[in-house]
Amino acid sequence: MPTSALILVAAGSGQRAGGDRPKQYQQIAGRPLIAHTLENLVNAMNFDEIVVVTAKNDPYIRDTLDELKIDATVTNGGDARTKSVHEGLKAISRQSIDHVYIHDAARPFVNAGLLRPLANALKTHESSAPALPIADALKTKSGESVDRDTLLRVQTPQAFHYAKIKQAYDSLKKADYADDIAVAKAAGMTIQFTPGQARNFKVTYPEDFAKAENMLQKQTYIATGSGFDVHQFTEGDTLWLCGVPIKCGYTLKGHSDADAGLHALTDAILGALAAGDIGDHFPPSDPKWKGQNSSKFVDFSRFMVNKRKGKLQHVDITLICEKPKIKPHREAMRARIAELLELPLTRVSVKATTTEKLGFTGRGEGLAAQATVTIQLPVEGAS
Ligand code: MG
């Protein structure tokens, strides 16, 4: 396998896009544009080294990299794109890099379907870039027709044999080129064009942000999960329900703290992720969960949500019992669950009902809890 480096060019001021900060840091679907681009790049290919080229004293890039847990070298670019890419090439520290992929931060929809053909092309050519045919009729400003069949719209990422493109940049004949393929061409490197994608567009104008936002939202779906749990009353003093202690002169029987509310919630979250149930992850036969505070189980389910890059949207819990009275504790339960899940209070519901003295809950032998959660998840393979 050839080793590869990524250079992400993010040094522009993006003035055509409007807004109060460079376009690569404007928010799309809750995150800076550049975060979507970087995340999609690292999901699509394993790079051995990553260099991000930014404007001087860029105040945002470190936070973005930290949040994505991406290890990258940050280097300052120049006034023109050509200079910025040259700085990026110089910042690559490994001598053994075979291939370098150069991408613009303003194209967030980069994916493996673009990168794989580029890698293949580098087996036979010294450079490659995705390109699209032109559908519209082309004219000069004086109205003469231009043969569109001889023309291509070229995108990034563009890929190169590292040593060759580095040499080309080290001996540039002029200060600014249209793109990196232009530099390769000027240096006599061989080029292969690969299929481009319309969705790999460059966010340039203010209206492009709405389009990108719309496309990113279509990359997620809402999953619903349900959970149900029962525990029996037994002798004691205090019981735990939805993370709140209730001093009522009896307790709930169970291996952990027997908090049926948090158990149902944990199962609902695992259900939305199709990740088994609480017993799979915390077997009651395992002594280490004895007397355990059930918030541990909720923490674990949240970790699973994060692992899947999901976002918890809403929780609704129903407690089914004749006793204890839930109402005096309901707001404390909502607050505790909101805290555990880092959700606003408006997204956490706790309700209670009886079963009209029918069944085991009606006879006061125990209580039941059910929970429904909704989680926004990325569509499989969307990035
Ligand atoms: Mg339980």
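Helices and strands are DSSP runs, numbered from the N terminus, where a helix has at least four residues and a strand at least two. The structure is a predicted model, and its protein chain has 12 helices and 19 strands. The chain is divided into two parts, domain 1, which covers residues 4-218, and domain 2, which covers residues 220-378.

**Overall form**

- The centres of domain 1 and domain 2, taken over C-alpha atoms, are separated by 47 Å.
- The C-alpha trace of the protein chain spans about 85 × 50 × 35 Å along its principal axes.
- The radius of gyration of the protein chain is 28 Å, whereas a compact globule of 383 residues would have a value near 21 Å.
- When contacts between residues at least 6 apart in sequence are considered, 71% of them join residues that are at least 24 apart.

**Surface and charge**

- Of the 383 residues in the protein chain, 49% count as buried.
- The protein chain exposes about 19200 Å², and carbon and sulfur atoms supply 50% of that area.
- The chain carries 47 positive and 43 negative charges, and the mean positions of these two groups are 2 Å apart.

- The peptide bond that runs from T156 to P157 is cis, with an omega angle near 5°, and P157 itself lies in the loop between β10 (153-154) and β11 (158-161).

**Positive phi angles in lysines**

- K69 is not a glycine, yet its phi angle is positive, at about 55°.
- This lysine, K69, is found in the loop between α2 (61-68) and β5 (73-76), and K69 counts as exposed because its relative accessibility is 75%, where exposed means over 50%.
- K309 is a residue other than glycine that has a positive phi, with a value near 60°.
- K309 sits in the loop between α10 (295-307) and β17, and a relative accessible area of 47% makes K309 partly exposed.

- Y162 is in helix α5, which comprises residues 162-170, and Y162 is buried because its relative accessible area is 10%, where buried means under 20%.
- Setting aside residues up to four places away in sequence, Y162 touches L89, I92, I97, D98, H99 and V100.
- Y162 and L132 are 30 residues apart in sequence, and their C-alpha atoms are 25 Å apart in space.
- R107 is placed in the loop between β6 (99-104) and α4 (112-121), and with a relative accessibility of 10% R107 counts as buried.
- If neighbours within four places in sequence are left aside, R107 is in contact with T37, V154, Q155, T156, N200, F201 and K202.
- Although R107 and T204 are 97 residues apart along the chain, their C-alpha atoms are separated by 9.3 Å.
- D179 lies in the loop between α5 and α6 (180-186), and D179 is buried, with a relative accessible area of 18%.
- Not counting residues up to four places away in sequence, D179 touches R81, V154 and Q158.
- D179 and P117 are 62 residues apart along the chain, and 19 Å separate their C-alpha atoms.

**A residue in domain 2**

- T355 has its place in the loop between β18 (348-353) and α12 (359-362), and at 27% relative accessibility T355 counts as partly exposed.
- Leaving aside neighbours within four places in sequence, T355 is in contact with I320, E322, T361 and G362.
- T355 and N293 are 62 residues apart in sequence, and from C-alpha to C-alpha they are 28 Å apart in space.

Key:
Residues numbered from 1 in each chain as written. Predicted model: local features only at pLDDT ≥ 70, side-chain atom pairs only at ≥ 80, totals over all residues. Heavy atoms only, no water. Domains from an automatic or database assignment. Rg over C-alpha atoms; globule rule 2.2 N^0.38 Å. Buried < 20%, exposed > 50% of the residue type's maximum accessible area, 1.4 Å probe, protein only. Contact = heavy atoms within 4.5 Å. Areas by Shrake-Rupley, 256 points an atom, 1.4 Å probe, with all protein chains shown as cover. Lys, Arg positive; Asp, Glu negative; His and termini not counted. Charge placed at Lys NZ, Arg CZ, Asp CG, Glu CD.
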